[in-house]
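Welcome to a short tour, to be followed with your viewer open.

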Amino acid sequence: MKWLIIILTIFVILGVGGLTNYKQEILKCSKKNNLCHVEKTNLFNMKSDKKIAEISDIKKVSYIRQKVKGNLYAKGYTDYQLIFVTQDNSRKIIFSEIYFDYDSVHKKIVEVRKKLLSDDENFVIYKD
């Protein structure tokens, strides 16, 4: 009985990890529908769709910087998350994955800004 509980616990932990970790995230925006949403594919190839913001409500594309302190044994680090800032100054996180260096998040910000300002009716941006 003890081994059955251990095996079931392992399956639950692996199942939750497979459902909440994403192997692919795609930002899809449609100027015709005035909508940006993110399509996420988890480790079990199940897709979910989340509305991020209306295009007309987006004020700017930016990032959130978070410093994680280290301790005696581990060095700290800084991570970045890509966001939309809306007209009411609320932050809408685009991708759940974080960037570990400023250069990569800056390149993605430039890419999203160019697509938002372009004349393309629909555009797609992949999380690298």
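Start by selecting Ile55, Ile58, Lys59, Lys60, Val61, Arg113, Leu116 and Leu117, which line the largest pocket. Two elements each give two or more residues to this lining: β4 (58-68) and α2 (102-117). Helices (H or I, at least four residues) and strands (E, at least two) are DSSP runs, numbered from the N terminus. β4 provides the largest share, four residues. Colour the lining by type and you will find five nonpolar residues, no polar ones and three charged ones. Here Ala, Val, Leu, Ile, Met, Phe, Trp, Tyr, Cys and Pro count as nonpolar, Asp, Glu, Lys and Arg as charged, and the others, Gly among them, as polar. The volume of the pocket is about 150 Å³.

How is a pocket found? On a 1 Å grid over the protein atoms alone, a pocket is an open set of points where a 1.4 Å probe fits, with protein on both sides within 12 Å along at least five of seven lines; lining residues have an atom within 4 Å of a point. Points are joined across faces, edges and corners, and the volume is the space filled by probe spheres set on them.

A word on what you are viewing: this is a predicted model, where local features need pLDDT of at least 70, side-chain atom pairs count only at pLDDT 80 or more, and totals for chains, interfaces and linings use all residues. Residues are numbered from 1 along each chain as its sequence is written, and side-chain values use heavy atoms, leaving out hydrogens and water.

Next, select the tyrosines Tyr63, Tyr80 and Tyr102, a cluster linked by ring pairs. Rings of Phe, Tyr and Trp (its six-membered ring) pair if their centres lie within 6.5 Å; planes under 30 degrees apart count as stacked, over 60 as edge-to-face and the rest as tilted. The centres of Tyr63 and Tyr80 are 5.5 Å apart and their planes at 70 degrees, so this pair is edge-to-face. Tyr63 sits in strand β4 and Tyr80 in strand β5, 17 residues apart. Is Tyr80 buried or exposed? Tyr80 is buried, at 12% relative accessible area (buried is under 20%, exposed over 50%, partly exposed in between, with a 1.4 Å probe and protein chains only).

Finally, go to Asn34, in the loop between β1 (22-30) and β2 (35-42). Asn34 has a positive phi of about 55 degrees, although it is not a glycine.
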